[in-house]
Amino acid sequence: MNEQEPIRDARKLGTPKLLILGLQHLFAMFGATVLVPILVQRYGLPLSIQTTLLFAGLGTLFFHVCTKMKIPAFLGSSFTFLGGFQAIANLDTGMYATMTGAEKLPYALGGVVIAGLMYLILAGIIKLVGVKRVMRFLPPVVTGPIIILIGLNLAPSAVSNASSCWWLALVAMAIIIVANIWGKGMIKIIPILLGVVGSYLVAVIANLCGATAVNSAGEIVPLLDFTQVASSKIVGFQPFTLAKFDLSAILIMAPIAIATMMEHIGDMSAISATVGENYIENPGLHRTLIGDGIATAMAGMFGGPANTTYGENTGVLVLSRVYDPKVIRLAAIYAIVLSFSPAFAAVVNSIPSAIIGGVSFILYGMISAIGVRNVVENRVDFANSRNLIIAAVILVCGLGFSGGVTFNVFGASVTLTSLAIAAMAGIVLNAILPGKDYVFGADVTEGRSGDMGRY
């Protein structure tokens, strides 16, 4: 295809190429999307891979309806909420003290539902008063450090998983790094998927040769366990989990939406720059937030993780120069079809913890790096002591209150995680400290992934 002429109607390519393009987008989102439930399961919460895939597909289709079928965006699982899932898994106060992971999961999902509904509040405010007024309260000096904290708080679990078999974790890391740094074309777009699949094949061979790993109890176990795969059906329905609501879980999950909404705005900017259309104006940021928020709330209500617009698929748009949203909707249909296979989910579940740890080394670090990029690309002025104080307080709150803060409200035990404390501290300080010089939407530079204004 002519690199100078992007294709906006994929039907002209013919049905076979259209199907392959949809498959390419499926591969781009797949590794990261299924990794979220795998990681949450490692925390002790039985989040379903099948249900995750189902609501990634349904959420994407719903997003397209909300945005008038105009935006070529895929909604996959959000890594940003992993810290919230881990915090709820570790809760041992109040009613959570005697709960199993399966009993805690519905309350975590309830927090996801409320986080998704927060998007609707922001969308409504943007529609009423305009995006510039709202974003003054959520500048990069607040959102950047919060995103950095999300990755740093997850780092210990990456080390814990990798320690079950360090050499296998290093294999996974090496494949991802090589694919991402030296890969060409599609190889560069799907390094996470290649890292998981490549190291899994190495694990299969090593398992046949008698290789072992160390489980959480310190026992020597086989590297792979195919028991669940052998007993799984090829076709079957997704296991749904209905959300439950508790103030502690809501206060853990809901503040994370502040960071994910900023991520959403950055992704919309990136897709707009890639395609050459201003989607923030038409169909409008309020519509994209509604689509993303309801997709997240819908997933949380029935047993899936929060959704987010995927930069991986934006990378595919750059690679293919095919900007037709129909291709993305085709990938969503593929995801829905795959969600009806318990055997497929069982194969994914058999991935050793060491591989998850190796992949997490990269992914968790990338979450923090995205926060750094958010600060750098938006040129946060740390020569300004006001900005320096806000960032400093956010980071200390996020790292210092490692166990969160627990208190009673009307007889109910409520826990605020370190991330929630950090988010609230940052928003309040930004609102009350004098000398604010941030202007949303000013001096926008085309092509920057998260350009939200300047200082």
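This briefing describes the overall build of one protein and then looks at a few of its helices and residues. The model is predicted, and across the protein the pLDDT averages 86, with 93% of the residues scoring at least 70. The protein contains 19 helices and six strands. Its radius of gyration is 21 Å, close to the 23 Å that the globule rule gives for 455 residues, so the protein is as compact as a globular protein of that length.

**Overall form and surface**

- Taken along the principal axes, the box filled by the C-alpha atoms of the protein is roughly 65 × 65 × 40 Å.
- Of the 455 residues, 55% count as buried, while the protein exposes about 18,600 Å², of which carbon and sulfur atoms supply 67%.
- When contacts between residues at least 6 apart in sequence are considered, 81% of them join residues that are at least 24 apart.

**Confidence in the model**

- Among the elements of the protein, helix α2 (residues 49–66) has the highest mean pLDDT, at 96, whereas strand β6 (residues 412–416) has the lowest, at 62.
- Where pLDDT is low, the predicted coordinates should not be read in detail.

**Helix α3, an enclosed element**

- Helix α3 (residues 82–89) has seven of its eight residues buried, so this helix is largely enclosed by the rest of the structure.
- The buried residues of α3 are L82, G84, F85, Q86, A87, I88 and A89.

- G111 lies in helix α4, and because its relative accessibility is 0%, which is under the 20% limit for a buried residue, G111 counts as buried.
- Apart from its neighbours within four places in sequence, G111 is in contact with A249, I250, M253 and A254.
- Together with I121, I125 and L128, V129 makes a nonpolar surface patch of about 390 Å².

Technical notes. Residues are numbered from 1 along each chain as its sequence is written. This is a predicted model: local features need pLDDT of at least 70, side-chain atom pairs count only at pLDDT 80 or more; totals for chains, interfaces and linings use all residues. Side-chain values use heavy atoms; hydrogens and water are left out. Patches are made of residues with over 30% relative accessible area and no salt bridge: like charges are joined within 9 Å, nonpolar side chains (Val, Leu, Ile, Met, Phe, Trp, Tyr) within 5 Å. Accessible areas come from the Shrake-Rupley method with a 1.4 Å probe; for residues, only the protein chains shown count as cover. A salt bridge is a side-chain nitrogen of Lys or Arg within 4 Å of a carboxyl oxygen of Asp or Glu. Helices (H or I, at least four residues) and strands (E, at least two) are DSSP runs, numbered from the N terminus. The radius of gyration is taken over C-alpha atoms; the globule rule is 2.2 Å times the number of residues to the power 0.38. Buried means under 20% relative accessible area, exposed over 50%, partly exposed in between (1.4 Å probe, protein chains only). Contact means heavy atoms within 4.5 Å. pLDDT is the predictor's confidence in each residue, from 0 to 100.
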